[in-house]
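Please take a look at the model below.

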Amino acid sequence: MSMKVSARQVDGVTVMDLSGRITLGEGSIVLRDAVRDLLSKGNKKILANLADVNYIDSSGIGELVSAFTTVKNQGGELKLLNLTKKVHDLLQITKLYTVFDVKDNEAAAIKSFN
Amino acid sequence: MTAKQVSYTFESTLETINSAEEQASRIAAAAGFNEDDTMSIAMAVREAAVNAVLHGNAYDPAKKVTVAFEQGDKDLTIVVRDQGKGLDVESVPDPLAPENLLKQSGRGLLLMRSLMDEVQINASATGTEVKLIKHIHGNAGDPQEAVQ
């Protein structure tokens with residue numbers, strides 16, 4: 001299953017709903033392009049909803065890190081929402097769980113940007 | 001019970017990575033590993049295949065990647081080989097070091113070691129061999145059914 005992205009605006013925050021696999025190749029490119037597109041439109045508060053991301057490899061993790069630093073370097077914030085157990089475990093293994101701001105409630109996550 | 005073996009040879013392409021992962025998932029599930037372990041095995045094989053295709057063979061169409069599976073009574077062993085210049089493991093930066101945490105790449109070996117019970121790397125001037133071992137616990141299936 002390839003990755004899909006859709007974006008919606010909630011109280012000034014762009015919620016990026018991701019689904020499928022973030023892996024080397026198409027999945028990573030889709031994520032990269034989506035973040036670049038949001039930034040180019042001035043959307044710098046980004047909440048990446050990973051509830052339907054069932055698989056991520058080291059390239060996908062690298063792409064998440066790249067998105068995080070790209071948004072941060074442009075004065076914005078990228079936070080993660082609703083990690084699946086596998087993605088949660090992988091972020092723990094890679095010590096990135098404490099680097100990312102990880103949320104498990106969308107409403108609270110939206111408020112945390114303001 | 002004797003061990004059962006199967007081996008696949010792949011081109012150095014992105015499709016190889018998906019194929020290796022799919023074979024690993026199929027064989028691990030048939031061997032009786034639970035869903036979580038099956039996913040871990042498939043992910044580790046994927047990471048080894050990524051290294052073989054990208055860093056080992058560097059997409060060279062003249063070089064192949066082989067993925068060999070062997071199921072014994074106690075373990076499932078997967079060996080991923082490339083025909084590159086040989087990985088210098090000592091030169092791979094520690095992805096958990098604070099200065100490397102935000103690097104985009106370099107986590108493949110870490111994930112393999114976390115997902116599998118044993119990881120052995122043998123590198124030479126003619127290629128790198130990554131051996132991934134997962135111990136079989138409990139109700140593992142008949143190897144004849146898993147690896148064929």
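The questions and answers below go through this predicted model.

Q: In what pattern do helices and strands follow one another along chain A?
A: Chain A has four helices and five strands. Read along the sequence, they give the pattern β-β-α-β-α-β-α-β-α.

Q: What does the globule rule give for the 114 residues of chain A, and what is the radius of gyration?
A: The C-alpha atoms of chain A fill a box of roughly 30 × 25 × 25 Å along the principal axes. The globule rule gives 13 Å for 114 residues. Chain A comes close to that, so it is as compact as a globular protein of that length. Its radius of gyration is 13 Å.

Q: What percentage of the residues in chain A are buried?
A: A residue counts as buried if 20 or more other C-beta atoms lie within 10 Å of its own. In chain A, with its 114 residues, the buried share is 43%.

Q: Of the contacts in chain A with a separation of 6 or more, what share joins residues 24 or more positions apart?
A: Take the contacts in chain A with a separation of 6 or more.

Q: How far apart are the end C-alpha atoms of helix α2 of chain B?
A: This helix covers residues 35-56, which is 22 residues. At 1.5 Å a residue, it should span 32 Å. The distance in the model agrees with that: 30 Å.

Q: Is α2(B) mostly covered or mostly uncovered, and how many of its residues are buried?
A: The helix has 22 residues. It is mostly covered, and the buried count is 18.

Q: Which element gives the most residues to the largest nonpolar core?
A: This core has 34 residues, and B:Ala44, B:Val45, B:Ala48, B:Ala49 and B:Val80 touch the most other members. Elements of chain B that give two or more residues include α1, β2, β3 and β5. The top contribution is eleven residues, from α2(B).

Q: Which residues does B:Ala44 touch, leaving out those up to four places away in sequence?
A: B:Ala44 is among the core members that touch the most others. Beyond its sequence neighbours, it touches B:Leu111, B:Met112, B:Leu115, B:Met116 and B:Leu132.

Q: Which element supplies the largest share of the side of chain A that touches chain B?
A: The contact takes 16 residues from chain A and 18 residues from chain B. On the chain A side, α2 (58-73) and α3 (85-93) each supply at least two residues. The largest share is seven residues, from α2(A).

Q: How many residues on that side of chain A are charged?
A: The side divides into six nonpolar and seven polar residues, plus the charged ones. The charged residues number three.

Technical notes. Residues numbered from 1 in each chain as written. Chains lettered and ligands numbered in written order. Predicted model: local features only at pLDDT ≥ 70, side-chain atom pairs only at ≥ 80, totals over all residues. Expected span 1.5 Å × (residues − 1). Buried ≥ 20, exposed ≤ 12 C-beta atoms within 10 Å, placed from the backbone. Rg over C-alpha atoms; globule rule 2.2 N^0.38 Å. Contact = placed C-beta atoms within 7 Å. Core = buried A, V, L, I, M, F, W, Y, C linked by C-beta atoms within 7 Å. Nonpolar A, V, L, I, M, F, W, Y, C, P; charged D, E, K, R; others polar.
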